[in-house]
Amino acid sequence: MIVFDNVTKRFPGSQEALSNASFSIEQGEMVYVTGHSGAGKSTLLKLVAAIERPTNGTVLINNQNVSKLRESALPYIRRKFGLVFQDHKLLYDRNCYHNVALPLAINGITGADAGKRIRAALDKVGLLNKEKSMPITLSGGEQQRLAIARAVVSRPSILIADEPTGNLDKNYADDILTLFSAFQQVGVTVIIATHDALGTANEHKVLHLDHGQLMSPQVVG
Amino acid sequence: MNIWLTQHSQALRLVISRLRASLFGNLFIALTIAVSLALPVIMYLVLTSFSGLVGSVKNDSHMSLFLAADATLTMVDSIHNTLATHSAIKQFKFNSKEEALKQLANDSQNEYIIQTLDENPLPDAFFIEPGALESTAINQLKSDLSQLDGVETVQIDDAWLKRLNYLLALGENALWVLAILLGFALFAVIGNTIRMQILTQQEEIEVSQLIGATHSFIRRPFLYSGAIYGLAGALLALIMTSCVILLFNLSIASLAAEYQTDFSLRLPDFNTLTVTCLSAILIGLISAYIAVSKSLFNSIN
């Protein structure tokens with residue numbers, strides 16, 4: 001469902017962030033994108049999520065060529081993904097409930113239906129009792145979980161997380177990873193970028209990047 | 001249709017809650033807009049009131065043709081014929097010296113004066129309503145008529161009318177200049193306000209774009225803000241204008257009484273209300289659109 005064919009991404013004024021990457025990801029897979037920082041992990045994720053377009057090569061998402069799509073069609077592609085950003089990107093001017101409400105509002109879902117979904121998402125990450133709290137009052141791990149709740153509330157088929165365990169201690173990190181496994185088990189494709197080796201019992205694919213070069217994908221598990 | 005309605009009501013509710021959150025500040029912004037709008041509206045109303053006055057005077061305007069005291073009946077007849085065939089004359093009326101004296105005698109105050117007169121000092125007269133009102137046509141008619149046999153004087157009482165017309169034309173130009181300049185001021189005020197709102201919501205806009213918000217989804221609330229500022233400003237401006245005009249009319253009433261007219265300045269009518277509100281909303285929408293388009297989509301792609 002996600003196919004990269006010889007994808008190269010070059011940002012103006014810098015060398016190639018990703019060179020000739022080819023791989024494919026099937027529905028329901030768990031994928032780790034690994035490599036040291038600056039290896040091109042974030043770039044790869046942005047290309048998957050249709051936030052960036054490739055300089056060369058083709059990116060197919062559900063058989064749609066991202067480079068060929070009109071600018072105005074990109075938002076609709078992006079809605080297929082649940083994104084967990086490296087820096088959370090939570091909105092600190094509103095409470096947890098309204099943070100999670102944002103993707104639904106973008107999809108035009110409001111009212112009681114939205115309320116049910118928001119509480120379900122908060123419940124899934126264990127923050128139902130913090131519904132009215134402001135994000136700034138949450139711990140690092142809780143903020144990360146809130147970001148995940150926001151990513152899954154619109155029930156995306158693909159979940160993308162950039163360094164979701166980056167600043168967390170081991171216990172929190174394990175919690176988060178268990179959460180991602182749970183989503184994968186109900187059929188969601190999960191793509192996680194990480195700079196440190198992660199232990200997980202489930203079978204998963206590893207895309208290892210080194211200075212923008214993709215090593216051949218291997219399946220571990 | 002349903003989705004469209006949901007999206008719009010969602011944006012509108014968001015905007016109203018944001019506006020309510022800083023009601024006092026927004027009221028001041030609306031007041032600034034109102035002052036910029038009220039000045040041209042007041043000027044427009046004053047001008048139209050005066051041109052209404054001029055219009056009513058114009059319809060009564062006429063030329064007076066006084067005959068020489070020794071004009072004979074045949075002369076009167078030939079003048080009558082000339083006037084009847086002249087193309088620049090709409091209609092005319094003959095007023096003989098006997099009639100004129102009778103009219104004068106009707107006023108009891110003049111009775112004594114008339115009794116002391118030995119003979120009728122009044123001339124025969126024609127009162128003419130010209131067809132055209134342009135000064136060149138009128139001057140041509142005047143010179144034509146003054147050459148006729150037996151005509152003593154031709155009199156036009158429109159010098160003051162002309163001056164007033166020139167002043168009104170000047171005022172109309174000034175109104176346009178003022179309206180355009182203040183229109184720019186309005187653009188700046190609303191545009192800057194929207195830009196400030198965009199800055200405070202930069203993070204939300206960025207995240208929304210990343211997770212699939214369309215451009216119109218992001219633009220919509222700001223367009224509503226712009227339109228609401230415009231509308232609120234226009235309504236406040238009309239209230240201000242009405243207060244100012246009512247205040248002016250208090251002092252004008254006594255002045256008009258001296259001139260035995262019931263002249264007063266016009267209050268804003270339905271058309272003024274519609275035009276003011278629509279143009280303010282339009283300026284609000286356009287300046288918001290420009291502000292959003294300029295400050296937005298540089299974070300991604």
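This is a predicted model: local features need pLDDT of at least 70, side-chain atom pairs count only at pLDDT 80 or more; totals for chains, interfaces and linings use all residues.

**Helices, cores and the chain contact**

Q: How are helices α3 (residues 96-106) of chain A and α4 (residues 111-124) of chain A placed relative to each other?
A: Their axes come within 10 Å and cross at roughly 115 degrees. Axes here are lines fitted to C-alpha atoms, for helices over the stretch in contact, with angles from 0 to 180 degrees between N-to-C directions. Helices (H or I, at least four residues) are DSSP runs numbered from the N terminus.
Residues are numbered from 1 along each chain as its sequence is written, and chains are lettered from A and ligands numbered from 1 in the order in which they are written.

Q: Which residues make the contact of α3(A) with α4(A)?
A: From α3(A) come A:Cys96, A:Tyr97, A:Val100, A:Ala101 and A:Leu104, and from α4(A) come A:Ala114, A:Arg117, A:Ile118, A:Ala121 and A:Leu122. Being in contact means that the C-beta atoms, placed from the backbone, lie within 7 Å.

Q: Why is B:Leu47 called partly exposed?
A: B:Leu47 has 18 other C-beta atoms within 10 Å. A residue is buried if 20 or more lie within 10 Å of its own C-beta, exposed if 12 or fewer, and partly exposed in between, so B:Leu47 is partly exposed. B:Leu47 is found in helix α2 (residues 23-60) of chain B. Leaving aside neighbours within four places in sequence, B:Leu47 is in contact with B:Leu168, B:Gly171, B:Glu172 and B:Leu175.

Q: What makes a set of residues a nonpolar core, and which members touch the most others in the largest one?
A: The set must consist of buried Ala, Val, Leu, Ile, Met, Phe, Trp, Tyr and Cys residues joined through C-beta atoms within 7 Å. In the largest core, of 66 residues, A:Val33, A:Ala149, A:Ile160 and A:Ile191 touch the most other members. Beyond four places in sequence, the contacts of A:Ile191 include A:Ile25, A:Val31 and A:Val33.

Q: How many residues of chain B are in contact with chain A?
A: 15 residues of chain B are in contact with 14 residues of chain A. Helices α1 (2-21) and α8 (202-210) of chain B each supply at least two residues of the chain B side, and α8(B) gives the largest share, 5 residues.

Note on methods:
Two residues are in contact if their C-beta atoms, placed from the backbone, lie within 7 Å.
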